[in-house]
Amino acid sequence: MSKYVETLLKYATVFSALIVLVLFGFLTYFTLPLFAEGQITELFSLHWRPFHGEFGILPMIAGTLALAISALLIAYPLGLGICLFVHGLGPRWLARPILLLIHGMTGIPTVVYGFVAVFLLVPLLRNNFSHGSGFSLLAASLTLSILILPTIVLLINSQLEQIVPKLRLTTTALGISRIHELTRISLPAASYGLLAAAILGFGRAVGDTLIALMVAGNAAQIPGSAFDSIRTLTAHIALVVATDSQSTTYHSLFACGLILFLTTASVNLLLHRIKHRACRETNYE
Amino acid sequence: MRHGLLPSLFFTVLLMLFYTLPATAEELDRFAGLKGKIDIAGGTAHIPVMKDAARHIMTKYPQITITVAGGGSGVGIQKVAEGLVDIGNAGRPISAKEREKYPRLRSFPFAVDGVAPAVNPANIVSELTSIQIQNIFSGKINNWKDVGGDDAEIHIYNRDEASGTRSVFWKKCLNKGAVVESANIVASNGAMKVAVSQDRYALGYMSIGHLDNTVKALGLDGVAPTQENAINGHYPIVRKLFMNTNGAPAPLVKAFIDYVMSSEGAANISNHGYIPLQ
């Protein structure tokens, strides 16, 4: 019986791995004609005006990076703060409810955040600042930061949960304050978790489609300020995929897909390497 | 008073039966003996008409299932050509390239739709010239005070590249002119209505069939975007709405198309603000 299970699992693994490879091959295959026809240089131009024969996707790459990085800059310190609060800076009775709340947040569908942002956050930004319609980089990064917050908190927390209880008795006996213990001893020891949280949060932010599509405004321009309307690669694919499937406009989407695929793949590879190194280091101890 | 509710309810139901039965009896007869499933996808302007037709048919003939999805004109054409749906809706004719790739496609135009520039009901502007609209979309005018409104920035809302609504607005109102890159892009007629109804200083455009009191349609060069003006040719931004099938439609699909184009279907089309084609 266990033999069957083993073979079944083996095939399932091979199958899953194959799907990823096929996906990569598929995207490359469809991007190749762009290389062959020399249109690849057009892709890396600053203007997306498909009706005038310009297919630049640089604004979308810039939009994706600006959104992912700014969302991470908001969510990461917040997430780190929540973890420190839970592990000793805040009252102990609050720790469990907060973690439960964060766990609960992972189950909220993205579209709910997007919907709430469209009806609450966007009008708020529109009415309080003279520039822009509210659909902006700022609105999207605030919304997205809430989406990636649980990822960051849960990753750092899982690492601290392994480290803090082991150290607490010693540090308390040595008379080290909580803040010192957390910032000087626990956090450095949790460096893998800290890095992994940042990378995974970034990956999640790059891959999200719906929030950018609903809240960021989708203007294909290089963002000049936080109040500018921006378009991400994911939202770009969602918007353009319905066009005439025989046009260059449509074919350029495969290049966007390939860039996204490579970005998330490298994020995962990076994560794998860090994990590997972290495991080795802990073994030496 | 005590017996007020029941008799009035009874009367309402009777009235409803009176109005629906005689009309539906003949036009819906074409579905007698047919059963199966019709999948419809594509243009978002078509959805209200398709849903109403589907509801009438499925109420009388429960053995028939009709699903209606959006996706946009390009998706409609591609899906029907690849055999994924039975009817692919499009708010534009089939392009030369699509025609070349999918020679079997057949188009059934069934209605004319107008596309109207729209603003928030709180906006004091109620009319623009096409030159003004072109200047706003190209970025030469960016404040409402330059066109007779409040002193506030104009927030332009545009549609995605796949939109048939965008295509006709760009050709017939913007005269294929440039559009500023900072314009917001929304993905459907419905999303456009939400955006414009929320934003006091918005300027967008949408299919006449989607207009309601949450937004204000603008007069264009002195002509109001109404059904009458579209029929008599005074209002210029109009287009045909198409249903497309891959080759000759199967009997059930044919019955659906005939029903949409029947006198009852025409009433349904007019109800949603479009103009039925004979």
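## Helix packing in chain A

In this predicted model, helix 6 (residues 137–173) of chain A packs against helix 8 (residues 191–207) of chain A at an angle of about 155°. Their axes lie 9 Å apart. Angles over 145 degrees count as roughly antiparallel, so helix 6 and helix 8 of chain A are roughly antiparallel to each other. The crossing of helix 6 of chain A past helix 8 of chain A is right-handed.

Which residues make the contact? Helix 6 of chain A brings Leu144(A), Ile148(A), Thr151(A), Ile152(A), Leu155(A), Ile156(A), Ser158(A) and Gln159(A). Helix 8 of chain A answers with Tyr192(A), Gly193(A), Leu194(A), Ala196(A), Ala197(A), Leu200(A), Gly201(A), Arg204(A) and Ala205(A). By class, this contact between helix 6 and helix 8 of chain A holds 11 nonpolar, five polar and one charged residues.

## Where chain B meets chain A

Contacts between the chains involve 23 residues of chain B and 23 residues of chain A. On the chain B side, three elements each supply at least two residues: helix 3 (73–81), helix 4 (96–101) and strand 7 (184–186). By class, the side of chain B that touches chain A has six nonpolar, nine polar and eight charged residues.

## Confidence

For the model, ipTM is 0.80 and pTM is 0.79. Chain B has an average pLDDT of 87. In chain B, 91% of the residues score at least 70.

Note on methods
Residues are numbered from 1 along each chain as its sequence is written. Chains are lettered from A and ligands numbered from 1 in the order in which they are written. This is a predicted model: local features need pLDDT of at least 70, side-chain atom pairs count only at pLDDT 80 or more; totals for chains, interfaces and linings use all residues. Axes are lines fitted to C-alpha atoms, for helices over the stretch in contact, and angles run from 0 to 180 degrees between N-to-C directions. Helices (H or I, at least four residues) and strands (E, at least two) are DSSP runs, numbered from the N terminus. Angles under 35 degrees count as roughly parallel, over 145 as roughly antiparallel, 65 to 115 as roughly perpendicular and the rest as oblique. A crossing is left-handed if the near helix is turned anticlockwise from the far one by less than a right angle, and right-handed if clockwise. Two residues are in contact if their C-beta atoms, placed from the backbone, lie within 7 Å. Ala, Val, Leu, Ile, Met, Phe, Trp, Tyr, Cys and Pro count as nonpolar, Asp, Glu, Lys and Arg as charged, and the others, Gly among them, as polar. pLDDT is the predictor's confidence in each residue, from 0 to 100.
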